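Dear colleague,

I am passing a structure on to you, and below it you will find some notes on what was found. Please read them with the structure open beside you.

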Amino acid sequence: MPARKSEEHPPSRFLPADPFLRFTHKRAQPMTLPTARSQEPGLEMSFKLQARFDARQGNRRQPVNLTAYSRAGSDNSLPATMAAKALLETVHLEHVPASHAIHITLYRNITNASFLQQQLLAGNTSFEYALIDASVVCLSPSTSSKLFGPCDAPNITDTPFAQKIVSRLHVLAAAFRAINDSISGRLRSRNVHSEIVFSLSPNNNIAESFRRFGITPDTTSLLIIKVSTPTSPTTASEVQAHLDAEIQGEPIPFTDSELAQISDIPRIKKIYKLNNSGNGNGGGKKKEKVVNGDGVNGVGKLTAEEEKKELEVQVLGAMALRGATN
Amino acid sequence: MEIQAIPPLPQAPAVEPPVLSESPSLLPPVFQNDSSAPKLITQGAEALLYRSTYLLPEIPCALKYRPSKPYRHPILDARLTKHRILSEARVLVKCRKEGVPVPAVYALDEKEGWLMVEWIEGEVVRIKLNEWLRNRKESGIQEGGEEHLKGLMRRIGSAVGRMHGIGIVHGDLTTSNLMLRLNGISIGDEATTDDRILDGEVVLIDFGLASQSTADEDRAVDLYVLERAFGSTHPRAEPLFSEVLDAYGQSFKGANIVLKKLEDVRMRGRKRSMLG
């Protein structure tokens, strides 16, 4: 047991032999922003903030503005043009027809996010992917509200850089819902790929779901999903070749442990409105705790693993209930 | 809305002829792609319950399917099915969020009429309790040794109280709608001894008749139905029902008012008099 544990979390994980791979975002992230700031203190930041502000307000009318200011000068400390092979994984979901295979891959240290987003906005069909932002937190909510000023919008603490993906299942569930809706002709957005991003959302606001979960010009970590459909069948090797040519970033395996390292639990709870979950004292107050103290039902004390599992299923429930009106 | 609701009707006969001979009615199209068909577990008046898988083959799930009723008008049928699927899912999600032990909701499709929830590994209280009572009878124990049963009753009371505390009433509380979750640890040694039979976390299932209510009357009726269920299915366990009520009384603020109300309900039965 101890031996296995050390396999899962080796201290050397962040220091692989390959020097390029040393630029994990945990290390790279703090370095990049200060350099961008120090180079052009005033102008550069204000442009970037304006772009982010537009993105928050949902100003999709000006895609050029969104991308024009992007990332100038930043990320110069990263290995920019790493032509590494995408770690593509093909999954066949249960109940979904065999013709609807999904190809998934995860990248970090993406340097051409604005280009990718532009392709999406332009409707370039060869870039028909679900592009899900998986970047780590960069601006804390308090910093964000300081910069943007007070705002009564509910998503004011919605920093553009919060990793909102809990686990593999979280993503697969979104894909399942999108494919199921697509098969039964109930897509709410443009195609099955945008529907995957929309499926991650707990509410019916499509623009907000793209803003929260979709790619932004500042995205550094990116989750890419391609659904192969009978009308446009796509093989893994085709996706692989296209991504290898177009994505500038460092491929990492799409695993729970990679996601868990960077997921921002408080943000996820906020988005899915799971904050009132008082595990152990739900409806009752102190009295109930006494009952639990007897150990009658064995709940109340959850390990970190169980807590994550619990968060995961609650997120799945919130996603499944999206659009429930009657 | 009404124009949209009609098209699915001609679609239904278009699907392939029934290949799933064991299932009484055809599953929705999504589940007909499966290499191994979902296994029918049980059938209620409204719904069929299958064991199936969620996303990956290694994740089991319970699939509750409400087939369309041919005797209902299609529009009404669609609306009722949608309403019932969604209200059950909402209640389950709320319970889960508030820490009430219920199965998690995985996925649903209200138009097709199915709901996928977590698979609870274990057995319903009715079977476990009968097994325990039978074992006791066979070994000739008349008195004493009721600690495990008392513990179970208390766990049931506190689980029900928790659910009521967050403003949910179950609507059909019986010992068949309470499960004992099998913990991986407890399977190990001598799982069949009397001590072990009643172990496990109490999980409330089947929220098909549940509703969101904080009325003491509704809560009291829930308890009354459970009491009657104990009386009719496990008469020998009924004397210990006071343990359920005792634990319930401690489980949330206002539980004692419900217990007082329960006495009224006992006097007149589940149905309120409509004479005014």
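In chain B, helix α5 and helix α8 are roughly antiparallel to each other, a word kept here for angles over 145 degrees. Helix α5 (residues 147–165) and helix α8 (residues 216–233) of chain B pack at an angle of about 155°, with their axes 11 Å apart; axes are lines fitted to C-alpha atoms, for helices over the stretch in contact, and angles run from 0 to 180 degrees between N-to-C directions. Helices are DSSP runs of H or I with at least four residues, and strands are runs of E with at least two, numbered from the N terminus.

Before going further, please note that this is a predicted model, in which local features need pLDDT of at least 70 and side-chain atom pairs count only at pLDDT 80 or more, while totals for chains, interfaces and linings use all residues. Residues are numbered from 1 along each chain as its sequence is written, chains are lettered from A and ligands numbered from 1 in the order in which they are written, and side-chain values use heavy atoms, with hydrogens and water left out.

The same helix α5(B) also meets helix α9 (residues 241–249) of chain B, where the axes come within 7 Å and cross at roughly 40°. The contact (heavy atoms within 4.5 Å) involves, among others, B:Lys150, B:Met153 and B:Gly157 of α5(B) and B:Phe241 and B:Tyr248 of α9(B).

Turning to the two chains, the contact takes 40 residues from chain A and 44 residues from chain B. About 3700 Å² is buried between them, of which carbon and sulfur atoms give 56%; buried area is the accessible area (1.4 Å probe) that two parts lose on being put together, summed over both.

Between chain A and chain B there are 2 salt bridges, each a side-chain nitrogen of Lys or Arg within 4 Å of a carboxyl oxygen of Asp or Glu. B:Asp109 and A:Arg186 meet in a salt bridge at 2.8 Å, N to O. Over all chains the count comes to 26 salt bridges. One of them joins B:Glu46 to B:Arg84, with the closest N and O atoms 3.0 Å apart. Since B:Glu46 lies in the loop between β1 (39–43) and β2 (48–54) of chain B and B:Arg84 in helix α3 (residues 74–97) of chain B, the pair ties together parts that are 38 residues apart in sequence.

Note on methods: Parallel < 35°, antiparallel > 145°, perpendicular 65-115°, else oblique.
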